[in-house]
Amino acid sequence: MGRILVDVRFWNLREHLAPPQGSDALLELECLVDTGATETVIPRSMVDTLRLPTLGTLVVRYANGKTATRDLAFGLMVEIDGRITGTRALVEPRLRRPLIGQTVLESLDLWADCKNGRLISNPEHPESPMMEIYGVARR
């Protein structure tokens, strides 16, 4: 399996409902898609640059089995291939490149094509994300 690197745009929801144009409030970064991670993980520098609030902490377990307590940043807007979602993110102080986790991939309805090193739209609805809601009947 290969690595998946993807261009991502980030901004702070509290400051901009849509992607800001020509502003330092917008970060455009190459990110690593981590299909084994539930949450998106961002460096502390992103929190500071985007002025994201951190509310609470979460205990994380690394691949080597060690654990740590990390801040949670809220109000992070994420755009990949024209699809936009809002999310929280774990803050990793020593991280250099943001990691895109499963919660963002699911909400954008993107699939990891590890063989070809890219993200693809869900083939069942390639034009836009589709969310399934169970337990609610549409009348």
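Visitor: Before the numbers, what does accessible area mean here, and which probe is used?
Guide: Accessible areas come from the Shrake-Rupley method with a 1.4 Å probe. Note too that this is a predicted model.

Visitor: Fine. What does the accessible surface of the protein come to?
Guide: About 8800 Å². Carbon and sulfur atoms hold 50% of that surface.

Visitor: And how many of the residues count as buried, in percent?
Guide: 40% of the 139 residues.

Visitor: How many helices and strands are there?
Guide: Two helices and nine strands. Along the sequence the order is β-β-β-α-β-β-β-β-α-β-β.

Visitor: What share of the contacts comes from residues 24 or more positions apart?
Guide: 55%, counting contacts with a separation of 6 or more.

Visitor: Let's pick a residue. Where is Thr87 found?
Guide: In strand E6, which covers residues 83-92.

Visitor: Buried or exposed? And why?
Guide: Thr87 counts as buried, because its relative accessibility is 15% and the cut-off for buried is under 20%.

Visitor: Which residues does Thr87 touch, leaving out those up to four places away in sequence?
Guide: Ala73, Phe74, Gly75, Leu76 and Val78, plus Thr103 and Val104.

Visitor: Now Glu106. Where is that one found?
Guide: In helix H2, residues 102-108.

Visitor: Is Glu106 buried or exposed, and why?
Guide: Glu106 is exposed, since its relative accessible area is 55% and exposed means over 50%.

Visitor: What distance separates the C-alpha atoms of Glu106 and Thr38?
Guide: 10.0 Å. Along the chain, Glu106 and Thr38 are 68 residues apart.

Visitor: Which residues line the largest pocket?
Guide: Val41, Val60, Arg61, Tyr62, Ala63 and Arg70 are on the list. Leu90, Val91, Glu92, Arg94, Leu95 and Leu99 complete the lining.

Visitor: How many of the lining residues are nonpolar, polar or charged?
Guide: Eight are nonpolar and four are charged. The lining has no polar residues.

Key. Residues numbered from 1 in each chain as written. Predicted model: local features only at pLDDT ≥ 70, side-chain atom pairs only at ≥ 80, totals over all residues. Heavy atoms only, no water. Helix = DSSP H or I, 4+ residues; strand = E, 2+ residues; numbered from the N terminus. Buried < 20%, exposed > 50% of the residue type's maximum accessible area, 1.4 Å probe, protein only. Contact = heavy atoms within 4.5 Å. 1 Å grid on protein atoms, 1.4 Å probe; cavity = no way out; pocket = protein on both sides within 12 Å on 5 of 7 lines; lining within 4 Å. Nonpolar A, V, L, I, M, F, W, Y, C, P; charged D, E, K, R; others polar.
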